[in-house]
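Please have a look at the structure first.

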Amino acid sequence: MSKQKKINDPIHGAMEFSDLEIELINTKPFQRLRNIGQLAFVSHVFPSATYTRFAHSLGVCHVTGLIIGAMIDAAPDGAIKEHLISKRAVYRIAALLHDIGHYPYSHVTEHAERTARDEASEEMLNASERIRGEAGTDQRSAPRKSIHPINHERLGREILLNDPEIKAILAREGLDPHQIAFIFNGGSSITAQEDSDFLMHFPYFAIVSSDVDADRIDYLLRNSYFSGLPYGSIDNKYLVRQFLIVDDDEIAIDIRALHAVDHFLISRYYDYAQFIFHKTSTGFEKMLQSIISYLSQTEKIQLKYHSAGIEDFIKNYWLSFDDAAMITHIRETLDRTSHSEEMSLENYELRRVRHYANSLLWRKPSKILVNYQFLGNRKQAGKGQPDSLDRRAYVLIVRSLEQALIQASNFFVEQGKFVYLFIWNSDRPHFTSPAIEYPSSTDRPTKQKAVKIRNNGNGRSALLTSYANSLSQLIDSKCLFTIRAYATSDEVELEGDTLFELSATVKKNFIKNLADNIELDKPQINEVYVKDGDDDNSFTTLEEAIKRIEDLADQISFLDPPETSD
């Protein structure tokens, strides 16, 4: 590969790019990534965490080249080495373009559209309906408009197919945009037949998309550098040199790097737990999601597109739709507030979004009523089995807390006051993809994504989690469940006794709601989890299963007033 251009980077030093890669970098869709931040409003907590998708994409391309270089060096002469040499440029291009379809504020925007069906429940529209005077309507059970979730990988494929600059470059070089998209989509395309065909040509897509890949290596290093936190300080130079292809034609990592892989996976876990999901930034993230959902529903911004008009969408809208454009729309919401004293649905929604916009722009964090985390089992053993009881408990707790927030909001509405309550919850981070499914899976893309270690004794690979000296063996089935409740207001001072009274109201309603929800769920809990067995997901009696849920819920700490001495 001819290397004509060097770009200096604080993470990787001098990175080399071919003439073709530079030409793709200079296209408008790629240059747009200069204005798409990687970390949304994480910078409201870590001020230097402001790097862009542009810099990250360059880094992923560079790391992909390093991994392929190591695999070529380790491969004996033959078909595998020839494939890696001949297709190295395509894998690098897929890595370079893997984020080309990102929306402003990246995943936050995707999550906003993905959760729009639940917005009414999460953002207290039930309370608004009461203001509107529609007595007797339970908004939580009312049918909602189904919204198809947006996806940056899907849009990335459309950009490769329809942007005139990128399309022309790829066509001139004889490169298939569908195959490039297949690589950065993690071994997935439009049809099962295409998946099978593309897998024959590009079996090593996991270099770009798997649990240990170029994407994650770069963003862990970059997150650590720009946040000043140590969690992403991985041994990347050693790790990338240990990638190889084993006899069963799968990507593996040499057993010498087993502990480096463990370190990588644990570093990613703490990167999410301590940095990406910081309690203050997730509150801002949830407010941003609500604003984006409002802007989309009121057609102030366009998140969706029709295939028939995709070229016009890219040319006339997408290229200028970046973080700065979104900030402009957010600022404009500050001028759309109603001055009417009548508490109408429109006024409630507009005031809520305006308050969120003001909080985001001027960094005014919400009050945290609940910040609860527990490390639990993420799923049952075996493909197609029900979720673990820990996950069932998590769902019941979230549901009960959402209901309690609605009830508390209604209380303030009845007093003619605006208090906005919302919940942020996540079942991430986890350590690896569900590797427990791998041995019985016939889905080769799934197998390629699993983390495998090459046994130097027999030359074959086995799952990282099958090695007795791997820490991942102990924690692979776990994930961190996080549940947070926030409160904010544009007219009620949420301090002192007022805040404690609000928290006490939420707590009282939560306890009652949880008891009611457990009672409703008892038949299914009994059917799924009460059985003979010695694993963490089996209980001999219904009472034991219920106690597990109640014990997890009892650990939740609400915001209580400080104790006073007599």
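Helices here are DSSP runs of H or I with at least four residues, strands are runs of E with at least two, and both are numbered from the N terminus. Helix 9 is followed by glycine 174, whose phi is positive, near 70°. This is a predicted model, in which local features need pLDDT of at least 70 and side-chain atom pairs count only at pLDDT 80 or more, while totals for chains, interfaces and linings use all residues. Residues are numbered from 1 along each chain as its sequence is written, and side-chain values use heavy atoms, with hydrogens and water left out.

Within helix 9, which spans residues 164-172, Ile166, Ile169 and Leu170 are buried, where buried means under 20% relative accessible area, exposed over 50% and partly exposed in between, with a 1.4 Å probe and protein chains only. These three cover an arc of only 95° around the axis, which puts them on the same side of helix 9; the arc is that of the directions from the helix axis to the C-beta atoms. The face turned away from that buried side carries the exposed residues Pro164 and Ala171.

Turning to the rings, the structure holds 26 aromatic pairs, counted for Phe, Tyr and Trp (its six-membered ring) when the centres lie within 6.5 Å, with planes under 30 degrees apart called stacked, over 60 edge-to-face and the rest tilted. One of them, tyrosine 356 with tyrosine 420, is edge-to-face, at 6.2 Å centre to centre and 75° between the planes. Because tyrosine 356 lies in helix 18 and tyrosine 420 in strand 6, the pair ties together parts that are 64 residues apart in sequence.
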